[in-house]
Amino acid sequence: MPELPEVEVVRRGLARWVAHRTVADVEVLHPRAVRRHVAGADDFAHRLKGHRIGTPSRRGKYLWLPVEDTGAAVLAHLGMSGQLLVKTAQAPDEKHLRIRVRFADTVGTELRFVDQRTFGGLSLHDTSPDGLPDVIAHIARDPLDERFDADAFHAALRRSRTTIKRALLNQSLISGVGNIYADEALWRARLHYERPTATFTRPRTMELLGHVRDVMNAALAVGGTSFDSLYVNVNGESGYFDRSLDAYGREGEPCRRCGTLMRRRPWMNRSSYFCPRCQRPPRPSRLS
Ligand SMILES: [Zn+2]
């Protein structure tokens, strides 16, 4: 599943290659790719045709393309394997090409949605006054958003009866943090994933948010993390941040800070990776 940095890399690619171009026509090659667009493939294609794409936007892991003068936006669901590729019209079709968008200009490139496992797709939604597709109106701002409210996030932690990793993955509190970057930020902050959030002091929350931003910015700087060979950015180039991960996927390897062997524990149908020495579990009395 792509996380915020991967999605931001795709957004930047679209901003460079697709923004401000007018759609000539849309070809839906597999109905599953537009199943979230309830009115169907013909409606999807018809409502895009002849309109200009605005500046691609993102909140957390959600990415959308505003459709100018329509009050609507195309929301991209990348799912497990979805890719948005910009290719020349002459490039052979990908085996799992699902949607093709041609443009009414002489640039010579088209936008392709390719998805092997068809969990992803594109759909059109009305937008709120601030430009957000209505179906993601409940998603909180992400920590890279300059309007993210760190004090409100801290207050929410204090009044929640939850643990820190659950809070980091709660998209209505803070968006864009997935399993990988949660483990990385918690390792950097020396915090165990089951620490109750009600015990957090303001400095501790601010330090953790700083680590979340750092780990995301580091990933962005190298083009996103790839754990899935299917993931490529908008130009078809793979991310390679996985080499610099400190926690995620490092079970049995020495902690880069203290040398203790890293552990993995099952956690909410996923895994949590941590250093048992740097990231001490909370006292049992705290867990209740
Ligand atoms: Zn350690």
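I started with the charges over rings. The charged end of R257 sits over the ring of W187, with 4.0 Å to the ring centre. I noted that this is a predicted model. I then looked up K165 and found it over the face of W267, 4.4 Å from the centre of that ring.

Next, the aromatic pairs. I searched the whole structure and got 3 of them. One of these is F148 with F153, a tilted pair at 6.0 Å centre to centre, with 50° between the planes. I checked burial for both residues. F148 has 11% relative accessibility and counts as buried, because the cut-off is under 20%. F153 is at 3% relative accessibility, so F153 counts as buried too.

I moved on to Y193 and F274. They form an edge-to-face pair, 5.5 Å centre to centre, and the planes are 65° apart. Where do Y193 and F274 lie? I placed Y193 in the loop between helix 5 (179-189) and helix 6 (202-221), and F274 in strand 10 (residues 270-274). The pair therefore ties together parts that are 81 residues apart in sequence. Both Y193 and F274 are buried.

Last entry: S175. I located S175 in the loop between helix 4 (164-168) and helix 5. Is S175 buried or exposed? Its relative accessibility is 0%, so S175 counts as buried. I looked for its neighbours, leaving out residues up to four places away in sequence. S175 touches L4, R59, G60, I139, A140, R141, D142 and P143. For D142 I also found a polar contact: its backbone nitrogen lies 3.4 Å from a polar atom of the S175 side chain.

Conventions: Residues are numbered from 1 along each chain as its sequence is written. This is a predicted model: local features need pLDDT of at least 70, side-chain atom pairs count only at pLDDT 80 or more; totals for chains, interfaces and linings use all residues. Side-chain values use heavy atoms; hydrogens and water are left out. Rings of Phe, Tyr and Trp (its six-membered ring) pair if their centres lie within 6.5 Å; planes under 30 degrees apart count as stacked, over 60 as edge-to-face and the rest as tilted. Buried means under 20% relative accessible area, exposed over 50%, partly exposed in between (1.4 Å probe, protein chains only). Helices (H or I, at least four residues) and strands (E, at least two) are DSSP runs, numbered from the N terminus. A charge sits over a ring if NZ of Lys or CZ of Arg is within 6 Å of the ring centre and within 35 degrees of the ring normal. A polar contact is a pair of N or O atoms within 3.5 Å; within protein, one must be able to donate a hydrogen and the other to accept it, and residues adjacent in sequence count only if both atoms are side-chain atoms. Contact means heavy atoms within 4.5 Å.
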